[in-house]
Amino acid sequence: MLTLLFVSLGLLLLIGLLFKFAFADGDFTLISKKHVKREAIEGEVVWITGTSRGIGEVLAKQFASLDAKLILSARNKAELERVKSELKGKYAPEDVKVLPLDLASGEESLKLVVEQAVSLFPGVGVDYLVHNAAYERPKSKATDATEEILKTTFDVNVFGTITLTKLVAPLLLNQGGGHFVVISSAAGKVPSSGQAIYSASKHALHGYFHSLRSEFCQKGIKVTVVCPGPIETSNGTGASTSEDKKSPEHVSSERCAELTIIAASHNLKEAWISHQPVLLVMYIVQYMPSLGFWLMDKVGGKRVEFAEKKGNTYSWKLLFGEKTKTN
């Protein structure tokens, strides 16, 4: 009788977990945290790159509402000023700092920007550096990328991001610690047909930042790598998006930002943000790679076809062979 009871409870628990997973918008560890640890954010200096639009803009608004001190960076100063004017919080918008930044401008230029950043809040420095800026082109075959696209993607997504980190890290070590929050992508975890160059750049960030954390975690350096799948944005920039921004597979940019801040405030090492089927694919590739790679091989060619016809490249239809609808 007891055995039957335990088996029944086990089955109910399994069914409950499967049901929760079916409607989840993040990995199990992330969604178990539920709320932001406000005390980890309030009064901290948060420097966000790529804040002139998209997820970066939403991140700025949510950090401001949590009473963080903000430094906003992107190439377009006018847009940064617009974002600043729309912020609300204890330090916003009056004490929000605007700092134009071009990640592809080279190390000497970035050194000057870092010097400015650490002087904006005298005696405080920077507590969080949120690497949100990214460059992504429309989906195309892996062999179709031009040298210009390859160089531009890596200049922003990899070389610029790593150089900025390399310049900021010693300052964080001197002040006793700090936190790098890296907006990567599901494309940095799984094969991403149609996004080979973008995916390669995100894989590079995973290698660098997870290694950096293991080297310096005992000295107060924290790293959170965030991997969004398809995200609804107003402009298609930032984390990975698709042409069909209204599909149910997409997480809203507001929810993506909220989960990102939850992950950072709880010091999660890595966080996945996505609805199904991308979340399921990430788990399969992570824990059953042979099956996962077989699955991605099955849909890879179709995904590029869907993109060329402006179809939803994140749909369950890719798995079941249905034809895409054209716009």
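The second largest pocket of this predicted model has a volume of about 190 Å³. Here a pocket is an open set of points on a 1 Å grid over the protein atoms alone, where a 1.4 Å probe fits, with protein on both sides within 12 Å along at least five of seven lines; the volume is the space filled by probe spheres set on the points. Of the 16 residues that line this pocket, having an atom within 4 Å of a point, the closest to its centre are R137, P138, S140, I149 and I197. Helix α7 gives the most to the lining, with three residues.

Local features need pLDDT of at least 70, side-chain atom pairs count only at pLDDT 80 or more, and totals for chains, interfaces and linings use all residues. Residues are numbered from 1 along each chain as its sequence is written, and side-chain values use heavy atoms, with hydrogens and water left out.

Helices (H or I, at least four residues) and strands (E, at least two) are DSSP runs, numbered from the N terminus. Helix α6, residues 147-174, also supplies at least two residues of the pocket lining. Just after α6, G176 takes a positive phi of about 100°.

Seven strands form an open, parallel sheet in the order β3-β2-β1-β4-β5-β6-β9, where two strands pair if DSSP finds at least two bridges between them. At the edges, β3 (97-98) and β9 (270-273) each pair on one side only. Three bridges join β1 (residues 45-49) to β4 (residues 128-131), and V46 stands opposite Y128 in β4.
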